[in-house]
Amino acid sequence: MKLKILHLYPREMNLYGDHGNVLAIKRRCEWRDIKVEIIEHEPGTGIPDDIDIIFGGGGQDSGQGKIEQDLHEIAPRLKEYIENDTPCLVICGLYQLFGKYYQTADGKKINGIDILNITTDAGDKRHIGNIVIKNGQFGELVGYENHSGLTSLGDNVEPFGEVILGAGNNGKDKTEGCRYKNCIGTYLHGPILPKNPKLTDFFIETALTRKYNTKINLKKLNDEIELKAHATAIARPR
Amino acid sequence: MEKLSILLGKSIRKVTKLRGGSGSALPGLIIERINPSFINQELSKLPHGVVVISGTNGKTTTTKIVSELLQKQGLKVFTNNTGSNFVRGVISAILEDIKLNGEFDYDIAVLELDEAHAVKFSEVAPIDYSLLLNVQRDQLDRFGEIDHTADLLQKIATATKKTTILNREDPRVGKIKATKTEYFGLSDKLIKKFPSDDDLISKQQTKSSNKPACIVFKDLHNNQATYIYDKKDYTVDLQLKGMYNAFNVAGALTLCHSVLPNVKMQRFFDDIEDIKSAFGRGESFQINGAEVELLLVKNPSAFQLSIASFADSDCDFMIAINDKIADGRDVSWLWNVDFSSLKNIKVVSGIRAYDMALRLKYDNIKTEVVIEDLEAAVRKFANSSSKHKRIFATYTAMLEIRKIISGKSIL
């Protein structure tokens, strides 16, 4: 078996070790003898037809400026993938740009690609610190958030999780992230996947099941270190 | 007002010391409040002015190198080696040294200031020379983002009255504008070994910048470093450990040359051989007959360079990761370091030991044992087989380990 991962803008969008997420998927595949190919998407290049997982991280303002135009160019392809249930994980900056718009502090509206029904407005303080959320399917997830944008979910949109510690989407309604089909947008850096192996395996299992058109059950791995790191992180102060 | 400030500041210092405090920040804090121009008054008296050294990595060692090189040329150097690199820390250090009659008997101040505090410093005191080393991801939870940090360095450069010395190879520092600039740099051969912050993420080979540099760090074999000055090679035997310290030397030499342009460069090159690493930056200890080196790792670039410099195969390693405020709460930076060349990891320790073990696991590196408690971990590590050991530690872990080792509680 083999999976092809599309990594969006690894150079421009990688704060807080977000590429550790791609590494987590890669290793957990390799440890089960599943081959992995990583396609690094840079501005100006095309999107292949046979992608199984899409990943994109957070960036700083200058990084986001460099990818904006390209993101709109590849948006129709990304939409098609996500409508067809391709698993996708976008963090922080790309989570915001997968939404309808991001309004900056000086009132400028940056259009997103409208895959997720969310909107984000610049806030006047940064939400920084350890964050713990709860998700019905994956249990407690732990990460680190650092954002000033305040995200609101549109009507009938499912949040990714409920905030237990931290700010989440906007520091008010206790929602964190957003899920549409198999596309998850979230503010959790950390990176999120290594310490939350259940979520990592969800992406792998869903991708394989979809690709090979048959229910795939993943081989169990020894997750002792993952779970201990998870337990330590959950117990740390904000 | 000046004399009164001195008297008051010195008295507070004495009282806080008597009461068991370190006497470090409080007198500075109070004088900063009641006489804000005190620091400017005192530092403006210095005939050679004020040097500020800033950047993410290498400030402490570089400040030490510059201070010692200038001292060897006979200058009386005032420096903030109490480790308190806030404005009030500098004031406290002045209060400690100034005489009651206001005599402040120094030729030059060489100050280590982190980016944000250097900007605050520039608002209250003169800066004659600045040396800006690099902008790398550090404690992002403190400063936000690295482009913001680069803006802070630009402000320091703008406030610098004479010469600003810049690392031409750092994409953000190289772009900084100032009244007068001098550059230091790397040869094409070495640049591949110094990933910039951007390169850490996507490995891209770069060529060295074409800006003219005063000093170019050309090559390093063991601890023998070669530099180019005025088209000539100079080879020196360094006691300073590691490639990044050898590069900081290039910045320090460029700075010293700007401050004392009439001193022959050969003299600085001769003196550099005597200079040793600063506290926690490659200090060595003896435990059970083995040499243990303690190396501070506080961000991905420093960690990556330490691995590139020190990953000998006959060495045993311990890694200690804490996430206290001074370390940075966020440990995600560990994922921006490539550990795949490390072997013989005997112990992983610290509050975030399991995060470190996890990181290594995903580079397919085996950790022999995880012991969160630092003292137990150091004891275990002391008994490992190799005679040559290195400990990579974050800031607060380094302080604790140093105390454990120097307290000899493990022997």
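Student: Which exposed residues sit on the face of helix 2 of chain B turned away from its buried side?

Tutor: Those are B:R33 and B:I34. Keep in mind that this is a predicted model.

Student: OK, and which residues of helix 2 of chain B are buried?

Tutor: Helix 2 of chain B covers residues 26-34, and B:P27, B:G28, B:I31 and B:E32 are buried there. Looking down the axis, you'd find these buried residues within an arc of 130°, so they line one face of helix 2 of chain B.

Student: New topic! At what angle do helix 15 and helix 16 of chain B pack?

Tutor: About 60°, and the axes of these two chain B helices are 10 Å apart. Angles under 35 degrees would count as roughly parallel and 65 to 115 as roughly perpendicular, so helix 15 of chain B is oblique to helix 16 of chain B.

Student: Is that crossing left-handed or right-handed?

Tutor: Helix 15 and helix 16 of chain B cross in a right-handed way.

Student: Which residues make the contact?

Tutor: Helix 15 of chain B brings B:L374, B:E375 and B:V378, while helix 16 of chain B brings B:A397, B:E400, B:I401, B:I404 and B:I405. By class, that contact has six nonpolar, no polar and two charged residues.

Student: What about the two chains, how many residues of chain B are in contact with chain A?

Tutor: 24 residues of chain B, touching 30 residues of chain A. Helix 14 of chain B gives the most to chain B's side, with five residues.

Student: And how does that side of chain B split by class?

Tutor: The side of chain B that touches chain A has 10 nonpolar, four polar and 10 charged residues.

Notes
Residues numbered from 1 in each chain as written. Chains lettered and ligands numbered in written order. Predicted model: local features only at pLDDT ≥ 70, side-chain atom pairs only at ≥ 80, totals over all residues. Contact = placed C-beta atoms within 7 Å. Helix = DSSP H or I, 4+ residues; strand = E, 2+ residues; numbered from the N terminus. Nonpolar A, V, L, I, M, F, W, Y, C, P; charged D, E, K, R; others polar. Buried ≥ 20, exposed ≤ 12 C-beta atoms within 10 Å, placed from the backbone. Arc of directions from axis to C-beta. Axes fitted to C-alpha atoms, helices over the stretch in contact; angles between N-to-C directions. Parallel < 35°, antiparallel > 145°, perpendicular 65-115°, else oblique. Left-handed = near helix turned anticlockwise from the far one by under 90°.
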